[in-house]
Amino acid sequence: MSLKNIEKPRQRAPSKRSLETKARIMDAAETVFADRGFEGASIRDIAALAGVQIGLVHHHGGGKEELFYRTVARRADELAQLRVVALNRARAVAPLTLHSILDSFIRPYVDLAETGGPGWMAYGRLVAHVSVDLRWRDIAAECFDPTAQLFITEIATLYPDVDPAVLASGQVYSVSAMLAHLNSGWRVEALSQGGDVSGMERLVDFCAAGIEAMVRSGRE
């Protein structure tokens, strides 16, 4: 008998309780990985925060490295889609500019971090861990590079004579500025002795001005 003709047992859909348990585990993993990095996090701590047995963490998330990947990948598609929608919306209103391209990339995440619950704030710190550790380059390539490349390509159409490495560097620096904007407001307040933290427009202006300065330097 051909293997193709053997009827496979029908898998039952996960129960509501199972889905809720998995969500708690992923939320806990996100928090622990974001706060402690990969090395400092432990499956035991994730299980404790989620309020489950260690075996359930392995069941829903796999080993530590697989769980880290799943935690990073979980929100990546949603964020990418929001950025593309923002870019297309900006394109429909007027010809794209450096400012509108950067705004379309930065604003969706800032809005989610500020209004979408603590998980989105933790996600930014998690992304920072991925961005500075070469061992996670495959995760970055899968989860973030396609969207980043799309935006870099749009910027490159504005500056076709500029080395792509300059524009890619500007994109990476802009991500760093975005994360600092969300996580270092307390430092701004301390250093300015109580001054107002800059808003979104100033953040985008800063990133655009930085890339424009790099473009001018690259042409000299």
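Let's start with helix H9. H9 gives the largest share of the lining of the largest pocket, 7 residues. Keep in mind that this is a predicted model.

In total, 32 residues line the largest pocket. Which of them lie nearest its centre? Those are Ser131, Phe144, Asp145, Val172 and Val175. Several helices give two or more residues each to this lining: H4 (64-93), H5 (98-115), H6 (118-131), H7 (137-143), H8 (145-158) and H9 (164-183).

The crossing of H4 past H6 is left-handed. Which residues meet there? On the H4 side, we have Phe68, Thr71, Val72, Arg75, Ala76, Glu78 and Leu79. On the H6 side, Gly119, Trp120, Tyr123, Leu126 and Val130. By class, the contact of H4 with H6 divides into 8 nonpolar, 2 polar and 2 charged residues.

Last topic, salt bridges. How many are there in the whole structure? The search finds 11. One to look at on the screen is Asp27 with Arg74. The closest N and O atoms of that pair are 3.0 Å apart. Asp27 sits in helix H1, residues 16-40, and Arg74 sits in H4. The two are 47 residues apart, and the pair links distant parts of the chain.

To recap H4: this helix lines the largest pocket, meets H6, and carries Arg74, the partner of Asp27.

Note on methods: Residues are numbered from 1 along each chain as its sequence is written. This is a predicted model: local features need pLDDT of at least 70, side-chain atom pairs count only at pLDDT 80 or more; totals for chains, interfaces and linings use all residues. Side-chain values use heavy atoms; hydrogens and water are left out. On a 1 Å grid over the protein atoms alone, a cavity is a set of points where a 1.4 Å probe fits but cannot get out, and a pocket is an open set with protein on both sides within 12 Å along at least five of seven lines; lining residues have an atom within 4 Å of a point. Helices (H or I, at least four residues) and strands (E, at least two) are DSSP runs, numbered from the N terminus. A crossing is left-handed if the near helix is turned anticlockwise from the far one by less than a right angle, and right-handed if clockwise. Contact means heavy atoms within 4.5 Å. Ala, Val, Leu, Ile, Met, Phe, Trp, Tyr, Cys and Pro count as nonpolar, Asp, Glu, Lys and Arg as charged, and the others, Gly among them, as polar. A salt bridge is a side-chain nitrogen of Lys or Arg within 4 Å of a carboxyl oxygen of Asp or Glu.
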